[in-house]
Amino acid sequence: MPASTTTTTAHTHADEDAERLRATAGFVREQGTSDLLSRVLPGLDGPELRALTDRCRFAHAAVLVFPPDEPALRAGLAACGLSAEAPARPSVVVRERLAARHRRSPEDLDVRILRPVVHGPAGEHRTVEVFALTVPAGSGLSAIVEEERRLDHEAHLAFDVERPDPLVLRGLLASFARHGAAADGGGYNPHENGTVFYFTAPDGTKTPYRRVELYAGGDHRDVLAEHLGRPLVPADRPRRPGAPRPAEALLWLLTGAWTTQALAACARLRLPEAMHRHPGASTAELARSVGADPDSLATLLRYLAMLGVVVEGPDGFRLTDVGALLDADAPGSMRPLALMYGGPFYESFAHLTHTVRSGEPGFEHLHGENHFDHFARDPELAALFDRSMASSAAMFDPLPAHPVLTAAATAPGRPRTVVDIAGGTGELLGRVLTAHPTLRGILLERPHVLDAARARLAATDAGGRCSYRAGDFADVPKGGDVYLLSRVLHDWDDDRCRSILRHCADAMPPHADLLVVERLLPADATPSLATAWDLHMMCNTGGRERTAEHYARLLAAEGLDLLGHSPLALGAHVLHARRT
């Protein structure tokens, strides 16, 4: 897309966001609570209206906007007469709703919530609830933006519940339902210690908003479960007689090892392949197919059903979309990951206490050497590791559209070269070269990995445009235009990372770009795959996951500026850096 077109599109989107912000702020300033409740719920009047008005107050209206970054968001707020100083916090509920609607991992979406203050007709303290989904250029989120702008799913009115308790909440929920409002989700936000209950407004509602929220301060997940019409997730299940919630929650957490081994056993037995070959087969028939004891397999299948890996119906068990990923022949199969995490890395996690006490990775304590050296001496294990890395390749899907790569591919003159440093079997480089036929590639890897990479890339259109270099980080080829460093830095401590980045900076011409793919630790307590992988890296490689700010410091130490970062799939991000 030409730069002028990109700029025009960005301005159009910014103007649309500004118009939506102004309209929302005007609505919040003008409404009274009693009148608004009667318009939201037609037929609500008399004592019941007075009772709801006594327990609720109109608090805000919400709007979802799509800035490219936080400075642009704050500039947009200021341009609409709203405070640009309002703090931004993670929005767990909206992030999960967007992820579910668009079949994305929540880790792919950076959703923040801000509440700039406005005042009602009698000076009441109110806010405009601004949800901001960060959409950097080239992030691959444009389809989400288009649909959300068109359907406006997250626009809603909100009433705060005064003095909430379970009895009051149940009464309010019943009143809304009685007047035609239908339950439409909700959630608990640990960052604010508040619970939200969403409704779809009744057909006769007399406001432009189709969704309504009740917000209750505190943890009301038991009432939320009733509202949603389903049980809570295991760690949040309501209390049972004789089993206090903390004890039950801990018991569920302690079964995590069983889950890992159940998934690994499913993969080792090739149960998904058998279920595909024999749809509707009985447990006894599946047991014969995979060589298992029927009663024991039945127990495993019940557990896998509880996990959502299989479902049981009148015609026997069948795989869910999650379970299908354990089939070796499935597109994007994650079977190698299940074997790796249920095998070599599972064994080393038994030594996590040693790692925490001593700082030595559990893998090294168990095997007497680091995992790279150990795998290099075991070709079968090395092949499994390489396949497990490829299993997560879905995180690369948006990367070929990154502006750095599209600019290189469309640059006039000589073909541009992409250098993939420690690029494994070429999964990422192959995707980039396939998406951009004008680019050339160089893959730098250890000799025992390059044979597999040559075989893999030779079977693609990219094979003829790729050359191979055997070597280590000190051998980074000079003169490239774009350098890729994917899932490498998290394997190492800070000193080794600085050394790797130094080799990159020394090889890069002044015009070259560096794209680093890693999971980023959140700057707050937001649940994240990166937090789990941080523990994994500590125990198995001696490395770590890092925040964006941490990576910026490592880059700056070697003369590289972090220019920005954008989300990929599976909780990953791509960081863009250039020489200072």
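Sixteen residues, to begin with, line the largest cavity, and those nearest its centre are Val93, Ile113, Arg115, Asn189 and Val196. A cavity here is a set of points, on a 1 Å grid over the protein atoms alone, where a 1.4 Å probe fits but cannot get out, and lining residues have an atom within 4 Å of a point. Helix H5 (92–101) and strands S5 (125–133), S7 (182–189), S8 (194–200) and S9 (211–217) each give two or more residues to this lining. Helices (H or I, at least four residues) and strands (E, at least two) are DSSP runs, numbered from the N terminus.

This is a predicted model, so local features need pLDDT of at least 70 and side-chain atom pairs count only at pLDDT 80 or more, while totals for chains, interfaces and linings use all residues. Residues are numbered from 1 along each chain as its sequence is written, and side-chain values use heavy atoms, with hydrogens and water left out.

The structure has three cavities of 30 Å³ or more. A volume is the space filled by probe spheres set on the grid points, which are joined across faces, edges and corners.

| Cavity | Volume | Lining by class |
|---|---|---|
| Largest | about 120 Å³ | eight nonpolar, four polar, four charged residues |

What lines the second largest cavity? Its lining includes Phe372, Phe375, Phe385, Arg446 and His448. Helices H19 (371–376) and H20 (379–391) each supply two or more of the lining residues.

Now for the sheet. Seven strands make up an open, mixed sheet, in the order S14-S13-S12-S15-S16-S18-S17; strands pair if DSSP finds at least two bridges between them. At the edges are S14 (466–470) and S17 (560–567), each pairing on one side only. S12 (residues 417–421) and S15 (residues 482–486) run parallel, joined by three bridges, and valine 419 has tyrosine 483 in S15 as its bridge partner.

Helix H24 (residues 494–507) packs on the sheet, touching S12, S15, S16 (513–519), S17 and S18 (572–579), and its direction makes about 165° with that of S15. Contact means heavy atoms within 4.5 Å. Angles run from 0 to 180 degrees between N-to-C directions, with axes fitted to C-alpha atoms, for helices over the stretch in contact. Helix H26 (residues 548–557) lies across S16, S17 and S18, at about 150° to S17.

Key
1 Å grid on protein atoms, 1.4 Å probe; cavity = no way out; pocket = protein on both sides within 12 Å on 5 of 7 lines; lining within 4 Å. Nonpolar A, V, L, I, M, F, W, Y, C, P; charged D, E, K, R; others polar.
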